[in-house]
Amino acid sequence: MKPAQTQKHHIFICTGKDCKKNGCEGLKSDLKQSLKNRNIKTARLIKTKCMDYCKLGPNLVVNGELLHDCKSEDIPAILERLEIQKS
Ligand code: FES
């Protein structure tokens, strides 16, 4: 078994009912656009179902780290985490 070479980072975004109510769809498209704008090709944005933290959403898992109450204004900090974890 070999690890994937190109998909180094994974961002899971909950698109469950409560996270939708709290704005995950806008966050998802802003994140997608930011990854594209910064030409970050090593990260993959993956939609998930409910993560069971409904009242704390929108919820993301960035490289295995669970983040609550994520907003579009948090995107620079989220992408910075990816940069830090590059090495
Ligand atoms: S709907 Fe997102 S954690 Fe439940």
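Reader: In which loop of this predicted model does P58 lie?
Author: The model is a prediction. In it, a cis peptide bond joins P58 to G57, with omega at about 0 degrees. Most peptide bonds, by contrast, are trans. As for its place in the chain, P58 lies in the loop between β2 and β3.

Reader: What is the pattern of helices and strands along the sequence of the protein?
Author: The protein contains three helices and four strands. Read along the sequence, these elements follow the pattern β-α-α-β-β-β-α.

Reader: Which element supplies the largest share of the largest nonpolar core?
Author: The core has eleven residues in all, among them I11, L27, L60, V62 and C70. At least two residues come from each of β1 (9–14), α2 and β3 (60–62). The largest share, four residues, comes from α2.

Reader: Which residues does L35 touch, not counting those up to four places away in sequence?
Author: L35 is one of the residues of the largest nonpolar core. With residues up to four places away set aside, the residues that L35 touches are I40, A43 and L45.

Reader: Is N39 buried or exposed?
Author: N39 lies in the loop between α2 and β2. Its phi is near 55 degrees, a positive value in a residue other than glycine. Most residues of that kind have a negative phi. Because N39 has 6 C-beta neighbours inside 10 Å, and 12 or fewer is the cut-off, N39 counts as exposed.

Reader: Where is D69 found, and what is its phi near?
Author: D69 is found in the loop between β4 (65–67) and α3. With 13 C-beta neighbours inside 10 Å, D69 counts as partly exposed. Its phi is positive although the residue is not glycine, and the value is near 50 degrees.

Reader: How many Å separate the C-alpha atoms of T42 and K55?
Author: T42 lies in the loop between α2 (24–37) and β2 (43–48). T42 counts as partly exposed because 13 C-beta neighbours fall inside 10 Å. Along the chain, T42 and K55 are 13 residues apart, and their C-alpha atoms are separated by 30 Å.

Reader: What radius of gyration does the protein have, beside that of a compact globule?
Author: The C-alpha atoms fill a box of roughly 35 × 30 × 15 Å along the principal axes. A compact globule of 87 residues would have a radius of gyration near 12 Å. The protein agrees with this, since its own value is 13 Å.

Reader: Among contacts between residues at least 6 apart in sequence, what percentage join residues at least 24 apart?
Author: Buried residues make up 21% of the 87 residues in the protein. Of the contacts between residues at least 6 apart, the share that joins residues at least 24 apart is 69%.

Reader: Which element has the lowest mean pLDDT?
Author: The protein averages a pLDDT of 91, and 92% of the residues score at least 70. Where pLDDT is low, the predicted coordinates should not be read in detail. Among the elements, the highest mean, 98, belongs to helix α1 (residues 17–21). The lowest, 86, belongs to helix α3 (residues 75–84).

Definitions and conventions. Residues are numbered from 1 along each chain as its sequence is written. This is a predicted model: local features need pLDDT of at least 70, side-chain atom pairs count only at pLDDT 80 or more; totals for chains, interfaces and linings use all residues. The radius of gyration is taken over C-alpha atoms; the globule rule is 2.2 Å times the number of residues to the power 0.38. A residue is buried if 20 or more other C-beta atoms lie within 10 Å of its own, exposed if 12 or fewer, and partly exposed in between; C-beta atoms are placed from the backbone. Two residues are in contact if their C-beta atoms, placed from the backbone, lie within 7 Å. pLDDT is the predictor's confidence in each residue, from 0 to 100. A nonpolar core is a set of buried Ala, Val, Leu, Ile, Met, Phe, Trp, Tyr and Cys residues joined through C-beta atoms within 7 Å.
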